[in-house]
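User: I would like to work through a structure with you. Please begin with the terms used for its elements.

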Amino acid sequence: MTALQDTTAPVRDTHAPVRDTHAPVRDEGEAAPAAASERAARLEAALGDPLDPDNPHGHLALLRADEARDAPAATEALLAEAGLGAEFVPCDLGGRLTDLEELARVLRPLFRRDLALGYGFGITSLFAACAVWTAGDEPQRRALAAHLLDGGRVTIVHREVAHANAILRNEVEAEPGPDGGWVLNGHKDTVINAHRAEAFVVYARTAREEGPRSHSVLLLGPQPPASGEVRRLGRVEMPGMRGAHFSGLEFADVAAGPEALVGEAGEGVSLALRSFQISHCLIPGVVLAGVDSVLRQAVRAAVENRPDKRPARRWHKVLAGVFADLLACDSMAVTGLRAMSLLPEDSYLLAAAVKYTMPDLLREDLEELATVLGARGYDRGPLHGGFQKLVRDLPVAGLGHAGTAVCQAVLVPQLPALARTAWFRTPEPPAQLFEPGAPLPPFDHRRLAHCGTDDLLTATLVGAAGRLAKRRRGYADGSPHATLARLAQAFVAELRVLRARCAALSAPAGGTGFDAQACALADRYALVLAAAAVLGMWEGQAGTGSFLEEPAWAVLALSRIARRLGAVVPDLPPSVVGSVLGEVLERCRQGRSLDLYGTALAG
């Protein structure tokens, strides 16, 4: 038996020995995990005040680790002690993962401080494990659960995607081996945590010809291979997420038994389309917390030395607008995460639209906040140093061109069928989809699909616009409610135009469906879904008595989305910006998060 070979310096093993392959299954009488809000609050408190320069988990310590291109050892030790790995293991296998909205809430305290830490310590293990939770057999699921619950790591070896970034270039091939197994050869230039992961989920090419059956998924480790070598190569320095460790990985005649196959041979592309829905919603849903921190920095800069503790008038629209964008993005992400529990067979398109739309919105928000921060945006201290770090980290965190192209490949081919069969015909989804924090059915990876004939959010858009139109006569002209009704109708009109244009699309030669017109229509369609999520979330807050029940944030969010579409936007009531600005200032004073939940923060 040949041990895994590491051609870099030895890495100290910080993990406890792996238990046997039977992960503990929770007994009926055993207590369920604490609520997500409680677990998130505990992690927030443990990480402490991010602005305290003496806090080993604060912004200053994390920035220094980033400059040194090191993982913050003290914070990783804290997360290990908290058993964060259990968050990525389904509840029926002994972990704490019951639904994805809960998981995002638990991870936000971590991502609010450092994207690289969130990726490097654990979320990568979840993205790798998703294929096993989705299609693995019971021994595979239990073995991997035991490994993660013991503090082990698993990383993902992606298949090659054309015109993609370094993480998606090169690939591993697997040929039939003795006794029905496989022999793996090939390399990847850039794999996160390759230097310390004990297990690998490999999307390996198992057929020469291109097509949907070209790849299969293999689970390797944590035991060494029967023969051959897995070589950990030198570290690759990335422009962002510098504290995370990326390195090359080479497979040289690595033998894997038939039990390594996850699902069926040739199922790799299908399995990726199913399981990647999780990362499509979860990544934007947690990265949003980093932009929350930057907006807080901008507010702090804008009120600095102001006797009334209010920003100058020139910053009112910027701060209120970015806050409205964050609420819109959170509406979309939370809706997508909840859909995978409530309607897993129909969450496929929504998940792709979340990942397709949110990166551009968040990047534009950072550009706006840079104008407020001014020279402070180049500061390297704890107050404002996180801004430049987040700008560097976002593209590496999967919010760059490669992530957009993958989601485009999901959306574009579906547009003609959606236009002809789904839009204005699909029934509205259940109201629970738009109730953040409300109980959900247990999430089951195995129910995820990668096709569907319904379009959940366009149905919400049409329904919400119709209800607002019926009530419009009761609203005074120029009021926030009347303006919201007009904006909703504008997006319905956009959907009608999209239906006509997308129904006329024909696939070009080769059947790729990737001509420039189709891509432009996909851009517009995804923004329409963002607007629909805002309307659904606003309606879902009725009767809560919260700020989100008022129409101001939804009006401002929809007006900004409409401008991105080039649509005519009605004049906003003067109270809209003032109301949204007042809320963001009050939350900053009270130390509450700038998302849908408004939870208390440390410091």
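Analyst: Helices (H or I, at least four residues) and strands (E, at least two) are DSSP runs, numbered from the N terminus. The model is predicted, with local features needing pLDDT of at least 70 and side-chain atom pairs counted only at pLDDT 80 or more, while totals for chains, interfaces and linings use all residues. Residues are numbered from 1 along each chain as its sequence is written, and side-chain values use heavy atoms, with hydrogens and water left out.

User: Where does Asp-179 sit?

Analyst: Asp-179 is in the loop between β3 (172-176) and β4 (182-192).

User: Buried or exposed, that Asp-179?

Analyst: Asp-179 is exposed, because its relative accessibility is 74%, and the cut-offs are under 20% relative accessible area for buried, over 50% for exposed and partly exposed in between, with a 1.4 Å probe and protein chains only.

User: What is the phi of Asp-179?

Analyst: The phi of Asp-179 is positive, about 60°, although the residue is not a glycine. Arg-69, also not a glycine, has a positive phi of about 55°, and Arg-69 is placed in the loop between α2 and α3 (73-81). Most residues other than glycine have a negative phi, and most peptide bonds are trans.

User: On peptide bonds, then: which is the geometry from Gly-221 to Pro-222, cis or trans?

Analyst: The bond from Gly-221 to Pro-222 is cis, and its omega is near 5°. Pro-222 belongs to the loop between β6 and β7. Pro-225 is also found between β6 (215-220) and β7 (229-236). Pro-225 is buried, at a relative accessible area of 9%. The C-alpha atom of Pro-225 is separated by 6.7 Å from that of Ala-256, 31 residues apart along the chain.

User: And Thr-155, what element is that in, and how far is it from Arg-592?

Analyst: Thr-155 is part of strand β2 (residues 154-157) and is buried, with a relative accessible area of 0%. A separation of 34 Å lies between the C-alpha atoms of Thr-155 and Arg-592, which are 437 residues apart along the chain.

User: New topic. How many aromatic pairs are there?

Analyst: The count is five aromatic pairs, where rings of Phe, Tyr and Trp (its six-membered ring) pair if their centres lie within 6.5 Å, and planes under 30 degrees apart are stacked, over 60 edge-to-face and the rest tilted. One of them joins Phe-111 and Tyr-119 edge-to-face, at 6.0 Å centre to centre with 70° between the planes. Both partners are buried: Phe-111 has 1% relative accessibility and Tyr-119 has 8%.

User: Why is the pair of Trp-423 and Tyr-525 called tilted?

Analyst: The pair is tilted because the planes of Trp-423 and Tyr-525 stand at 35°, with the ring centres 5.3 Å apart. Trp-423 comes from the loop between α12 (415-421) and α13 (456-471) and Tyr-525 from helix α15 (residues 516-540), so the pair ties together parts that are 102 residues apart in sequence. Trp-423 is buried at 1% relative accessible area, and Tyr-525 is buried at 0% relative accessibility.

User: Which rings have the charged end of Arg-105 or Arg-153 over them?

Analyst: The charged end of Arg-105 sits over the ring of Tyr-597, 4.0 Å from its centre. Arg-153 lies over the face of Phe-121, 5.1 Å from the ring centre. The rule asks for NZ of Lys or CZ of Arg within 6 Å of the ring centre and within 35 degrees of the ring normal.

User: How many disulfides does the structure hold?

Analyst: There are zero disulfides, a disulfide being a pair of cysteine sulfur atoms within 2.5 Å.

User: Lastly, what lines the largest cavity?

Analyst: The largest cavity is lined by 16 residues, and Arg-112, Arg-113, Asp-114, Gly-386 and Lys-389 lie nearest its centre. A cavity is a set of points, on a 1 Å grid over the protein atoms alone, where a 1.4 Å probe fits but cannot get out, and lining residues have an atom within 4 Å of a point. At least two lining residues come from each of α2 (59-67), α7 (268-303) and α10 (386-399).

Methods. On a 1 Å grid over the protein atoms alone, a cavity is a set of points where a 1.4 Å probe fits but cannot get out, and a pocket is an open set with protein on both sides within 12 Å along at least five of seven lines; lining residues have an atom within 4 Å of a point.
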